[in-house]
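This briefing is for a reader who is meeting the structure below for the first time.

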Amino acid sequence: MERISPPLTGGERETLRAYLDYHRATLAWKCEGLTDEQLRRASMPPSTLSLLGLVRHMAEVERHWFRRVVGGEELPHLWSDSHDFQAAYDASGSSRAEAFTAWEEEVAHARRIEAAAASLEVTVYVPRWEEEASLRLVMLHLIHEYARHNGHADFLREAVDGATGA
């Protein structure tokens with residue numbers, strides 16, 4: 001996934017897409033060049049948070065917001081039979097191939113669903129909030145989610161091999 005800086009000028013939708021893709025690419029970049037064992041390395045006890053766990057979690061987040069909420073699909077969670085988003089964080093039995101394949105597939109679905117929407121004004125019912133939300137808000141929520149977790153990824157990566165940088 002190529003990491004391209006968002007445009008300094010441009011329309012709202014183009015800018016939101018670019019920021020979301022920038023953060024997606026940042027997570028991939030933070031995992032680049034590491035072994036499965038390094039990607040599974042937990043931050044510090046008792047936390048199970050790892051880079052691979054973040055990738056798995058973001059696959060669940062993409063799946064939930066774009067396919068379930070915006071797309072209206074009825075889908076199970078990828079790593080939980082009880083609809084537990086936290087289960088994705090436990091990557092102890094996972095591999096790069098498994099996690100990245102799922103994440104990349106969910107990102108592709110998300111891009112397709114977002115591109116097919118008529119506008120950012122499209123609204124969808126969000127069961128957890130019991131209210132309607134716009135595609136704009138969904139995209140901003142995903143940008144926020146990635147930005148927050150990319151901060152975690154910065155620290156996780158530095159703990160693995162000393163690599164820093166955003």
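A residue is called buried when its relative accessible area is under 20%, and exposed when that area is over 50%. The model described here is predicted. By that cut-off Glu62 counts as buried, because its relative accessibility is 0%.

**Glu62 and its surroundings**

- Glu62 is part of helix H3, which covers residues 51-70.
- Its side chain makes a polar contact with the side chain of Arg24, at 2.8 Å.
- A polar contact at 2.6 Å joins the side chain of Glu62 to the side chain of Tyr146.
- Leaving out residues up to four places away in sequence, Glu62 touches Arg24, Arg67, Glu106, Val107, Ala110, Leu142 and Tyr146.

**Aromatic pairs**

- There are two aromatic pairs in the structure.
- One of them is formed by Trp65 and Trp129; this pair is tilted, with 5.2 Å centre to centre and 45° between the planes.
- Trp65 belongs to helix H3, while Trp129 sits in the loop between strand E1 (123-126) and strand E2 (131-134), so the pair ties together parts that are 64 residues apart in sequence.
- Trp65 counts as buried because its relative accessibility is 5%, whereas Trp129, at 32%, counts as partly exposed.
- Phe100 and Trp103 also form an aromatic pair, an edge-to-face one with 5.7 Å centre to centre and 90° between the planes.
- Phe100 and Trp103 are both buried.
- Over the face of Phe100 lies Arg96, at 5.3 Å from the ring centre.

**The nonpolar core**

- The largest nonpolar core consists of 44 residues, and those with the most contacts inside it are Leu27, Phe66, Trp103, Leu142 and Tyr146.
- At least two residues of this core come from each of helix H1 (12-31), H3, H4, E1 and helix H5 (135-161).
- H3 supplies the largest share of the core, eleven residues.
- Apart from neighbours within four places in sequence, Leu27 is in contact with Leu54, Val55, Met58, Trp103, Tyr146, Asn150 and Ala153.

Conventions
Residues numbered from 1 in each chain as written. Predicted model: local features only at pLDDT ≥ 70, side-chain atom pairs only at ≥ 80, totals over all residues. Heavy atoms only, no water. Helix = DSSP H or I, 4+ residues; strand = E, 2+ residues; numbered from the N terminus. Buried < 20%, exposed > 50% of the residue type's maximum accessible area, 1.4 Å probe, protein only. Polar contact = N/O pair within 3.5 Å; in protein donor to acceptor, adjacent residues only side chain to side chain. Contact = heavy atoms within 4.5 Å. Phe/Tyr/Trp six-rings, centres within 6.5 Å; stacked < 30°, edge-to-face > 60°. Lys NZ or Arg CZ within 6 Å of the ring centre and 35° of its normal. Core = buried A, V, L, I, M, F, W, Y, C linked by side-chain atoms within 4.5 Å.
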